[in-house]
Amino acid sequence: MAPYIIGGILIVLGALLAILVPIKTKNKNIEIKFMQTTSIQDLKELLEANKEAGLEGYRHYVELKGRAKPVEPVKTPFSETDVAYYSADLYQVYEEVKGSNNKSGTSPSVKKSESLITNDKSSKAIALTDSSSSQEIHIGLNQPGLQLDALKTYDQFEPLNNSSRDGFFRNFRYNPMGARTLGFRMVEKTIPLAQDLYVLGEAWLESDRIKIGKPWDKKLPFIVSVKDKRDIVQSNKSGANVALVFGILLALAGILLIIFL
């Protein structure tokens with residue numbers, strides 16, 4: 001009975017993955033393709049006009065293009081670089097000893113592995129500017145439902161013997177893993193200062209500020225990206241294709257499980 005239940009679950013999951021994800025991605029890409037870019041000045045005038053007309057709290061779904069700047073100074077933890085936003089991952093790199101079978105018996109093999117220890121993200125909002133206005137658009141990047149694309153700007157391995165000399169690792173504590181810890185890998189993804197950005201979201205006035213956030217309509221995409229529109233659409237399409245293939249493989253695994261077990 002168990003193979004039928006597990007097989008049925010795999011078939012359902014595979015079908016959902018192969019059908020729903022491509023449909024959702026297609027709808028998202030259609031929304032992106034048909035949006036027209038609005039300047040910050042035009043957006044400001046539109047929101048202020050609606051406020052004066054008595055539409056307090058009016059929200060407008062908009063596509064913006066501009067450059068990033070921090071609302072408050074932000075410095076990355078590893079490279080100590082001034083940026084608009086960062087996400088920093090610290091990995092512990094270690095050796096694992098595993099047995100392997102060959103003609104002469106079992107012999108150990110050593111494999112290098114890594115495990116994520118910490119993930120740190122800047123919590124400050126960023127600002128978007130363009131040449132049309134001195135007005136800044138404020139965007140909180142920790143909002144749920146945000147599709148955020150940043151640049152990998154730092155990827156450094158620090159051997160264990162050298163890490164004690166580094167200021168970041170001087171008082172750092174870690175748990176030994178595997179046969180031997182080799183060191184630590186530091187990865188930073190950032191939105192650099194003055195980085196060109198593509199933004200798609202819902203804008204509203206809050207006092208004298210314009211803010212961008214997740215649309216009330218959950219079907220509408222919310223995007224802040226270092227990529228241009230064409231690359232975003234292509235990346236979404238590639239992700240949908242991967243989901244399609246993986247969904248088909250899951251469904252096939254479920255069918256084979258039911259037939260042969």
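In this predicted model, the number of aromatic pairs is 0. Aromatic rings do, however, take part in contacts with charged side chains. Arg59 lies over the face of Trp204. The distance from Arg59 to the ring centre of Trp204 is 4.2 Å. A second contact of this kind involves Tyr91 and Arg185. Here the charged end of Arg185 sits over the ring of Tyr91, at 5.3 Å from the ring centre.

Charged side chains also pair with one another. Side chains of opposite charge can pair when their charged atoms come close. The structure holds 11 salt bridges. One of them joins Arg180 to Glu95. The closest N and O atoms of Arg180 and Glu95 are 3.2 Å apart.

Helix H1 spans residues 2-33, and helix H4 spans residues 229-260. The axes of H1 and H4 come within 7 Å. They cross at roughly 165°. Because of this angle, H1 is roughly antiparallel to H4. The crossing of the two helices is left-handed. The contact of H1 with H4 has 25 nonpolar residues. It also has 8 polar and 4 charged residues.

How values were computed: Residues are numbered from 1 along each chain as its sequence is written. This is a predicted model: local features need pLDDT of at least 70, side-chain atom pairs count only at pLDDT 80 or more; totals for chains, interfaces and linings use all residues. Side-chain values use heavy atoms; hydrogens and water are left out. Rings of Phe, Tyr and Trp (its six-membered ring) pair if their centres lie within 6.5 Å; planes under 30 degrees apart count as stacked, over 60 as edge-to-face and the rest as tilted. A charge sits over a ring if NZ of Lys or CZ of Arg is within 6 Å of the ring centre and within 35 degrees of the ring normal. Axes are lines fitted to C-alpha atoms, for helices over the stretch in contact, and angles run from 0 to 180 degrees between N-to-C directions. Helices (H or I, at least four residues) and strands (E, at least two) are DSSP runs, numbered from the N terminus. Angles under 35 degrees count as roughly parallel, over 145 as roughly antiparallel, 65 to 115 as roughly perpendicular and the rest as oblique. A crossing is left-handed if the near helix is turned anticlockwise from the far one by less than a right angle, and right-handed if clockwise. Ala, Val, Leu, Ile, Met, Phe, Trp, Tyr, Cys and Pro count as nonpolar, Asp, Glu, Lys and Arg as charged, and the others, Gly among them, as polar. A salt bridge is a side-chain nitrogen of Lys or Arg within 4 Å of a carboxyl oxygen of Asp or Glu.
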